[in-house]
Amino acid sequence: MFCKATLLTVAFALLASATPVAREPSPASGISIPLQKRGSLKNVDGTFNHEKAVREIVKLKNKHRQNLINIQNNLGADALPSEGAGIPPLATVPEALQKRGAVKLTDQEDDLEWTGSISIGSPAQSFTIDFDTGSSDLWVPSSSCRTCEGHKTYNPSKSSTSSKKSGTFRISYGDGSTASGSPYTDSVTVGGVKVTGQYLAAVTQESSEFEQDPADGLLGLGLPAISQLGHNPFFNTAVQDGAVSQGVFSFKLGQSGSELFIGGTNSDLYSGDIESHKLSSSRGYWQIGSAKVTLNGKTAASDFDTVIDSGSTIMTAPPDAAEAFWKQVKGSQVYDQEQGLYSFPCNSAPEVAFSWGGKSWTVSADDFNLGETEQGSSQCVGALSGGDLGLGDSTWLLGDTFMKNVYTVFSVDDNSVGFAELA
C-alpha cells in the first residue's frame, strides 16, 4: 500500500506555477503502444447520437464521483482537490433511456475511446484496455464473471504470479448496475514494460454499461490518491521499480498513428518544444491551473483549473461556466438542459482555444462538432457540456476532444502536464 505521507511529500514537492516551461525534445527511450480508436458520438448520417452521449456523460460524472470518494478514503475528509469540490449525488440515466437499455448502440469506429493491448500474469493473458488518465485502478473481467460475455477474462488460477488480496472493488453506475470483484496482485506488462506485484481488480460482476464496450477493461493512469484499491497505479509502480527510464508517459490521439508512449516521449510524433505546466493540485488528478479559453480570439473565461482526462470523450465545464461560455457563441441554443448540452449553427463553428500562460492550443472545428441535432438540421451539438463533476466551481475537464489536437505529456518526475504541436 502506498504511504500517505510519502504521497503528500512527492505531490507537494512541485506544485502550481503560472509560468509554462519549454522543454527540449529528448531522445525516445520508452516503449510505444499503438492505440486503436473505437466508437463515436456521431451516427453514420452525421447526426449526433444523443443516447450514446447521455450514457457517456453519466458514466463520466460517476467516475469522478467515485474518484472524490477515493480521495477522501485515501487522504482524509478534508482532502478534496479544489475550492467548491464536493461529492455529488449518483448521476442516473434518464428513465426513458433506461427502458431502452437493451437496444444495441451503433459503434461508428471514430474517436469515442482509444484502446491498446496489455498482458497480465505468468504465462501472459492478453487484454484490450482503455487507458484512462482520469482514474487510477486496473480492472479486467474475471473468468468467474457470468455477465462479461464478449470480453476476454482473467483467470488468476492459471497465473503462477497471482495472489488474491483482501477487500473488494466496486463501482456504481447511473443505470443502477455495478462492476465489482476482488483485488489481486500479479505481473502486468504494458508495451514491454513489466512490473510485478501490481494491484488489480478481477471483476466478477460487470455493469451493463460495459456490454457494448470494445475494451475488456481499464488501466488507470491517474495519480495514487484516486485509487479505489488504495495502491499505486501501474505507471507509478513502473517508476518506483525502475522499469522505465523516465517517469513520463505521453499520448497522441488522432485519425491515424495513435499511441501511448511509456517512459518518455516519441519525438517523431511532435514538433518544437514541450510546454510544461506544474500541477495545481496534489489530490490525484492531472490538474493544471491559470487556464484561459478563447472564442474566435476573444477571452471567454480565464483563471480556472483544468483536469486532462484521456478517459473522457468531450469537455465539461461547471454548469454556470458552460452557460456563460455558450451565451458568447452566436446562434447557440440549449440542446439538452439536463445533460448540459448546447448546439450552434453548423455553418459557423466557433474557434475555441485553451492556454495556460503560453501558447494557445486550438480545438479543431471537426472535433468541436459532435454532429447535427437531427438529419438536415442547421444546428450541431458542441463538444463542451456543462455538468457538476464535483471537481469545484472553477475546474473544467478536458477530454479527448482537446487531446486530439495536441501531443500530451504527463510527468510523474516533474508533477506536470505538457503539450506540443503534433508533427
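Trainee: At about what angle to β24 does α5 run?
Mentor: Quick ground rules: this is a predicted model, where local features need pLDDT of at least 70, side-chain atom pairs count only at pLDDT 80 or more, and totals for chains, interfaces and linings use all residues. Residues are numbered from 1 along each chain as its sequence is written, and side-chain values use heavy atoms, with hydrogens and water left out. Helix α5 lies across β15, β16, β17, β20, β24 and β25; helices (H or I, at least four residues) and strands (E, at least two) are DSSP runs numbered from the N terminus. Axes are lines fitted to C-alpha atoms, for helices over the stretch in contact, with angles from 0 to 180 degrees between N-to-C directions, and for α5 against β24 that gives about 130°.

Trainee: Which strands are the edges of the open seven-stranded sheet?
Mentor: Its order is β21-β20-β15-β16-β25-β17-β24, with mixed pairing. Two strands pair if DSSP finds at least two bridges between them. An edge strand here pairs on one side only, which picks out β21 (360-363) and β24 (384-386).

Trainee: In β21, which residue is the bridge partner of Ala353?
Mentor: Start with strand β20, residues 352-355, which runs antiparallel to β21 and is joined to it by four bridges. Ala353's bridge partner in β21 is Thr362.

Trainee: Now the open four-stranded sheet: about what angle does α5 make with β19?
Mentor: That sheet runs β18-β19-β23-β22, with antiparallel pairing. Its edge strands are β18 (333-336) and β22 (369-372). Helix α5 (residues 319-327) packs on the sheet, touching β19 and β23 (contact means heavy atoms within 4.5 Å), and its direction against that of β19 makes about 10°.

Trainee: Which residue in the turn of the β22 and β23 hairpin has a positive phi?
Mentor: β22 and β23 pair in the antiparallel sense over two bridges, and Glu372 has Cys380 as its bridge partner in β23. Six residues sit between the two strands, and the one with a positive phi, about 85°, is Gly376.

Trainee: How many residues does the largest nonpolar core have?
Mentor: A nonpolar core is a set of buried Ala, Val, Leu, Ile, Met, Phe, Trp, Tyr and Cys residues joined through side-chain atoms within 4.5 Å; buried means under 20% relative accessible area (1.4 Å probe, protein chains only). Those with the most contacts inside the largest core include Ile118, Phe131 and Phe325. Its residue count is 73.

Conventions: Buried means under 20% relative accessible area, exposed over 50%, partly exposed in between (1.4 Å probe, protein chains only).
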